[in-house]
Amino acid sequence: MTEFHPQLNKRRLYPLLNLRHDEVTRGHMLHKLDVAYANTVNLIANPAPGLGSWFHTYKFGDKHMKFRLIVESRTIVSAAVVTALLGASLCSLPAQAQSSGQRSASINDVVSTPQVTGPIAVNSTPGAGTARDYPFFVTEPQFDLALAGYVEEEFFVQGTATRYQTPTMADAVATSSGHPYKTRIVVRRPVDAKKFNGVVLVEWANVTSGYGIDLHWQYSREYLTREGYVVVRVDAQRVGVHQERTGLKDWSPTRYGSLDVTAGGSITDDSLSYDIFSQVIKAIKVSDRDKILKGLVPSAVLAVGQSQSAGRLTLYYNSIQPKHHLVDGFLIQVLGGPFRTDVRAPMMRIISETELMLYGLGATRQPDSPTLREWEIAGAAHVDYWWVQYRQGLAVRDKMTPPSLGCDPEPGSHVPLRYVLNAGYHHLSRWVLNGIEPPRAEPITMTSVNPPMITRDVNGLAYGGIRQAEVEVPTATNRGDQIGMTPGCPNNYGMHVPFNDAKLSQLYRSNDAYVQAVTTTVRKNVREGFILKDDAEEIIRRAASSNVGTGRAVSIR
């Protein structure tokens, strides 16, 4: 039986931090303490074998707290908290520090320690042969990881998971435990530890297509490798593993035949997925960090997910996070919400016009707060043209049905999601690590939310929202809904109607005029914090090399 050192009682830990009143009221520092406390309690109650002496330091502003565990085999010998407060004195926190949203983890909420195996050998070439003994949707050769100084490795994660009910806007309820599972994760990390920026993104794979897709990685791979993030894909849901023909088990029985997230077919409603996700995060942060990250020590672990996965992470945020306290911050895109207001972990939601028009998110908007930011991208759709092109290549290579753009008018908005997502990762990391809140964005202008109606200009472009060059300096009409679209394409791809040559010539008398207009827009985006400087320079270079304003043919507008 595990005995907890009295110093690990959270009521004793909170007063060890001398927090300013504004830090307490916005809950940022207390959230970090919740995460630190939960990690420590989880490790004590469920230690990984052979840890010996284990240390971890958490930073709270200019203060540091070190948790130290001394472990022999699987028995806790002692656990102590050592604090080093720089220029701080001890004080008590206001009563709100003990609110219901900030309870310590109970024994029922302890996250089990999984077994991690790998990295799993790659025994065949992606897209060649019949064995398919390589990671599904592996990044190379479509994107050169080695050139970026990165390596991609696959691991199997297995253990026993707890089944959770996730009532709306309320703490999860554990209904049973001890259910065996085995899944896979894919880890992309810098080869050189000096390049690591301290942030790990853990992506909940989207399974809407009948197989898992990690859209955050696919959208932002250039930025994430440029800036030194670690990105971990988690396949936590039944469809991604068990779907007939397209799931991992059928896609490659040789590689994935042993995977199972249904407890032998007895649980098929994904109620194990939340604990599986938590166990992966625990392995990354504590129990198997050295194996998975090869010596890299994360300062923050952020959860990300797109569309269907954003919905799953909304349930995780509202129901699981208040119990497990394992995730440091969340960024979800093109769905998700509404969110509880008493969860301390910062949440960013980035959406397009599509979610306002098709999914009713205009009627469920929430105001920005000390723990929530909502950004809306004018002209953008649920997915963009650029991502569809990339995914088509992966799908053809791995013998999946590729997405189709073969409809009229052209589906697939050309307003990119990736640049705003990149800014989102940047700001969320600063929010979590330094308490610097992200900028607030103007919402897209709507004259009605039920039925949804976006206000548009004479070109059909939306007013309001985050306005990138494709909207402010247009060469086409891009929007997140569809008008008069022929059947056969997904209705959430939006549409793209290029301006004709005469209109382009009228708008932009020269390429210099076009480049100057683009430059003015992206510089404004940078000042406002919605596009990062390196991405802005890329956008300007692309404008300068285009044929817009030259009188020559413009192939992509």
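View 1. The model is predicted: local features need pLDDT of at least 70 and side-chain atom pairs count only at pLDDT 80 or more, while totals for chains, interfaces and linings use all residues. Residues are numbered from 1 along each chain as its sequence is written, and side-chain values use heavy atoms, with hydrogens and water left out. Helices (H or I, at least four residues) and strands (E, at least two) are DSSP runs, numbered from the N terminus; two strands pair if DSSP finds at least two bridges between them. Strand 10 and strand 11 (residues 347-352) are parallel, with four bridges. Strand 9 (residues 300-306) also pairs with strand 10 in the parallel sense, over five bridges, and leucine 302 is opposite glycine 329 of strand 10. Between strands 9 and 10 the chain passes through helix 10 (residues 308-324) in a right-handed β-α-β crossover (with the strands pointing away from the viewer, the path from the first strand over the helix to the second runs clockwise).

**View 2. Side chains of strand 10.** Five of the five residues of strand 10 (residues 329-333) are buried, so the rest of the structure largely encloses the strand. Buried means under 20% relative accessible area, exposed over 50% and partly exposed in between (1.4 Å probe, protein chains only). Gly329, Leu331 and Gln333 point one way, Phe330 and Ile332 the other. In a regular strand, side chains alternate between the two faces of the sheet.

**View 3. The salt bridge between arginine 255 and aspartate 133.** A salt bridge is a side-chain nitrogen of Lys or Arg within 4 Å of a carboxyl oxygen of Asp or Glu. Here the closest N and O atoms are 2.8 Å apart. The pair links distant parts of the chain, 122 residues apart: arginine 255 is in helix 7 (residues 253-256) and aspartate 133 in the loop between strand 4 (115-117) and strand 5 (150-165). Arginine 255 is buried at 5% relative accessibility, and aspartate 133 is buried at 13%. Both belong to a network of salt bridges that also includes Glu152, Glu154, Arg184, Arg188, Asp214, Arg233 and Asp235.

**View 4. The salt bridge between aspartate 398 and arginine 397.** The N to O distance is 2.9 Å. Aspartate 398 is buried, with a relative accessible area of 0%, and arginine 397 is buried at 9%. The whole structure holds 31 salt bridges.
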